[in-house]
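Look over the sequence and the model before reading on.

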Amino acid sequence: MLGRPVTEFWASDSVHEVVRAIREKGHWTGEMTARRKDGQPFTVELVGTAVRDPQGIPVCMLGSFSDITERKHTEDALRESEAALRRAQRVAHIGSWTWHIRENRLEWSDEMFRIFGLDRETFSGDLAVVIGRAIHPDDRAAVEHSNLSVMRDGKPIPLEYRRFLDLCRTMKA
């Protein structure tokens with residue numbers, strides 16, 4: 001790279017914006033597309049810093065980058081896999097969830113919200129709220145007993161329960 005313009009190395013015109021940011025702010029961190037010796041593009045994570053003389057005048061730019069091509073491919077594959085899981089859950093009407101026991105907080109898949117008829121925007125993730133709003137009153141004690149078994153013994157008690165939503169729909173019909 002020594003003696004060659006930095007623009008030869010980068011595959012995008014955004015290099016000028018990066019150089020300007022380093023000059024103005026003194027540093028820049030982000031992702032860019034670089035060009036290999038053979039001209040093939042690859043993705044890098046770049047950290048650029050302005051090196052200044054004692055009077056604060058920039059004398060050069062120092063950059064460090066890592067080839068993150070493999071990471072980007074892995075991230076793309078993960079996104080595709082997550083999209084396939086969401087489609088499969090929607091078609092099968094099966095949801096998935098994670099219960100963070102210490103915080104007593106739930107994370108739900110999109111399909112869980114559809115199954116329980118709850119809105120993601122107003123969902124607090126609080127298990128007690130979900131039980132109070134979405135589990136049939138006659139089934140709440142059994143659900144809470146199963147949850148206690150998970151917390152105490154690490155073993156859920158298999159059970160079936162009714163959604164409160166089902167009761168509401170039945171009453172309206």
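## Helices, sheet and rings

Helix H1 (residues 15-25) lies across S1, S2 and S3 and runs at about 160° to S1. Helix H2 (residues 69-92) packs on the sheet as well, where H2 touches S1, S2 and S3. The direction of H2 makes about 125° with that of S2. The model is predicted.

The sheet itself is open and has three strands in the order S1-S2-S3, with antiparallel pairing. Strands S1 and S3 stand at the edges, each with a single partner strand, so one side of each has no neighbour in the sheet. From one strand to the next, the twist averages 35°. Nine bridges join S1 and S2 in the antiparallel sense.

| Strand | Residues |
|---|---|
| S1 | 27-35 |
| S2 | 41-52 |
| S3 | 58-67 |

Phe42 belongs to S2, and Ala34 stands opposite Phe42. The ring of Phe42 also has a charge over it: the charged end of Arg36 sits there, 4.1 Å from the ring centre.

Now the aromatic pairs. The structure holds four of them. One is formed by Trp108 and Phe113, with 5.2 Å centre to centre and 65° between the planes. Why does this pair count as edge-to-face? Its planes are 65° apart, and an angle over 60 degrees counts as edge-to-face. Both partners are buried: Trp108 has a relative accessible area of 10%, and Phe113 has 7%. Ring pairs link Trp108 and Phe113 with Phe116 and Phe123 into a cluster.

Conventions:
Residues are numbered from 1 along each chain as its sequence is written. This is a predicted model: local features need pLDDT of at least 70, side-chain atom pairs count only at pLDDT 80 or more; totals for chains, interfaces and linings use all residues. Side-chain values use heavy atoms; hydrogens and water are left out. Rings of Phe, Tyr and Trp (its six-membered ring) pair if their centres lie within 6.5 Å; planes under 30 degrees apart count as stacked, over 60 as edge-to-face and the rest as tilted. Buried means under 20% relative accessible area, exposed over 50%, partly exposed in between (1.4 Å probe, protein chains only). A charge sits over a ring if NZ of Lys or CZ of Arg is within 6 Å of the ring centre and within 35 degrees of the ring normal. Two strands pair if DSSP finds at least two bridges between them. Helices (H or I, at least four residues) and strands (E, at least two) are DSSP runs, numbered from the N terminus. Axes are lines fitted to C-alpha atoms, for helices over the stretch in contact, and angles run from 0 to 180 degrees between N-to-C directions. Contact means heavy atoms within 4.5 Å.
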